[in-house]
Structures are given as structure tokens and as C-alpha cells.
Amino acid sequence: MEMWFSQMHTSNVKQSIRIDKQLFSGQSEYQRIDVFDSQEFGKFIALDGDIVFSDKDEFIYDEMVTHVPMAVHPNVKDVLIIGGGDGGVAKELLAYDSVENIDVVETDEMFVEVCKELFPETAEGLADPRVHVYYQDGLRFLRKTANAYDLIINDSTDPFGHTEGLFTKEFYGSCYKALREDGIMVYQHGSPFYDEDEMACRSMHRKVCRSFPISRVYQAHIPTCPSGYWLFGFASKKYHPIEDFRPKWWNDKKIQTWYYTTNLHTGAFMLPKYVEDLLEEEENE
């Protein structure tokens, strides 16, 4: 008998993956957590029925939220990751000697423990002495933080449920306050392709561009994301992602990647016309 996992991208579209077996199923205080093994994507983890990452494509997301800001900011020492309980983003950041401290603020301890057990090659990023994990609400953590970080990466799942507070005007204002005078914030911006997701993209961009003097959006192809197309936001107090980009510096570091390159860095900010239009509409609102 064949077994399939299906996630709804919209009320009219779903993605289905044939699975070999289910490795874990549990209900935490915050969400349902399921882990499956498949031929095409290897192991993958789903929260409340939506895939968060898989063995096959998690490197794309982790590299794009890490190396884009790191190739721009000249001296990142202190990093805050909101979410990131799988350890993948922390693992990418550890390739940089300048990084002295990484604070991971994750709400769901069960999610972290499941990742440690079933995705040890990703979760190993949490074991480094530079990494400190705090089990608490990200917005509450930020409210008591000021002028503390060079880089904030919002690695939370989506603007619904227990993470909804991480996509509010207060949240982005709190990120601004928590950053140093030349700090950068990177966040996942969602997928703009389906009508059901477009409003969340618009809302996020409107809030961020009113909170930061520099706000740009870039893109990546991630197969398990809705429509396979995903946006990220780059918000900064000082640095522009293209004008202050340091490709030679980054290439000289010889960091091993599978997706990110300095050529791709520039190209990722060249967006389709329909995405440019919706972002410009919110900027001029």
C-alpha cells in the first residue's frame, strides 16, 4: 500500500509526497509535529501539516538567510535567531570566525528535541559553545532587548498561530530597537504567487519599510514551499544589500555552499514584475 503526505498550498492546491514511513508524530504545547521519510526529499518535518524543511532542500533556506546579510555587514559578532530550533541557520553562521555569540529564541522545546534526534546533521549547530538556546516567546524576548545585535534572523514559521506576534508592527519595531546602529534584520517574506498568500506578503513589506530606512526583498527556489517560490526580506539601518555587498571578501573566505554564490546574491534581488509591483504599491501606500 502506498502512503502519501499532502500539504495544502491553498484551498485549491496541494502538494503530495510519497512517503516510506512516519518517524515521529506528537502534539507539543504549541503545534502538531510530524516527521516522515521519503524517497524524493529524504526526511522532512511538518508542523500542523505544513512542511518546514526537508533533507533535500533545507540548505537553500539556511544559506540564503545567512550568507546574504553576512556578505554585506562588515563585522557581525552578535546574532539573534528567532525560531531556528532545528539548528540549520546557526550551523551556517558558525562558518564565520567573527561571530562570537548566537542566541536562538525558540518557543517549542519539543521541536528542538525532535530535530536533535532525527536531524542530527542539522541540529549539530545548536551544540557549539557560541550558541545559546532560550525557550521563550520571541516578541517577549525582544521587548527587553536594546542595541544588542548586529544581525537578527527571523526564522519563525508563518504569521499564524503561536508565531503570529512575530509578524506585527510591534515586532519589527522591537527588532529595530534590538539592533545596533548598523544592524541588519533578515526574515522570511513568504510566497507571493497564490492570491491567498499575497496579502501576508503585502502586510509584511508595508510594516517593515515603515520601520527601517533600507528595506529590500530577495528570492529563492525552494521546492517544498508553496509554488516552489519563496521571498526573503532584508531590512537595515545602514547597509544596502547590493551597494554595500562585498563579493571578493566573501569569496576569499572559501565557505562551502550548495546554493548561495556571490553571483546569485545580486540576481536574487532582481524580482519578477508582478512582485515588484505589489511591493511598490505597499511602499507608496
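A: Let's start with helix α3, residues 109-118, where Phe 111, Val 112, Val 114, Cys 115 and Leu 118 are buried. Buried here means under 20% relative accessible area, with exposed over 50% and partly exposed in between, using a 1.4 Å probe and protein chains only. Those residues sit on the same side of α3, because they cover an arc of only 165° around the axis; the arc is that of the directions from the helix axis to the C-beta atoms. Helices (H or I, at least four residues) and strands (E, at least two) are DSSP runs, numbered from the N terminus.

A word on the model: it is predicted, so local features need pLDDT of at least 70 and side-chain atom pairs count only at pLDDT 80 or more, while totals for chains, interfaces and linings use all residues. Residues are numbered from 1 along each chain as its sequence is written, and side-chain values use heavy atoms, with hydrogens and water left out.

So what do the buried residues of α3 pack against? Their partners are β2, β3 (32-38), β4 (42-47), β5 (50-54) and α4 (120-123), where contact means heavy atoms within 4.5 Å. At the start of α3, the backbone nitrogen of Met 110 has a side-chain oxygen of Asp 108 within 3.1 Å.

Gln 15 counts as buried because its relative accessibility is 16%. Its side chain makes a polar contact of 2.9 Å with the side chain of Gln 7, and it also reaches the backbone oxygen of Pro 223 at 3.3 Å. A polar contact is a pair of N or O atoms within 3.5 Å; within protein, one must be able to donate a hydrogen and the other to accept it, and residues adjacent in sequence count only if both atoms are side-chain atoms. Leaving aside neighbours within four places in sequence, the contacts of Gln 15 include Phe 5, His 9, Ile 51 and Thr 224.

Phe 5 brings us to the rings. The whole structure has 16 aromatic pairs. Rings of Phe, Tyr and Trp (its six-membered ring) pair if their centres lie within 6.5 Å; planes under 30 degrees apart count as stacked, over 60 as edge-to-face and the rest as tilted. Phe 5 and Phe 36 have ring centres 5.1 Å apart and planes at 45°, so this pair is tilted. The pair links distant parts of the chain, with Phe 5 in strand β1 (residues 3-8) and Phe 36 in strand β3, 31 residues apart. Phe 5 is buried at 9% relative accessibility, and Phe 36 is buried at 7%. Tyr 134 and Phe 141 form another tilted pair, 5.7 Å centre to centre with 45° between the planes. Here Tyr 134 is partly exposed, with a relative accessible area of 31%, whereas Phe 141 is buried at 9%. Ring pairs also link Tyr 61, Tyr 218, Phe 232, Phe 234 and Phe 269 into a cluster.

Finally, there's an open sheet of 7 strands, ordered β8-β7-β6-β9-β10-β12-β11 with mixed pairing. β8 (131-134) and β11 (214-221) stand at the edges, each with a single partner strand, so one side of each has no neighbour in the sheet. Two strands pair if DSSP finds at least two bridges between them. Inside the sheet, β6 (residues 78-83) and β9 (residues 149-155) run parallel and are joined by 5 bridges, and Ile 81 stands opposite Ile 153 in β9.
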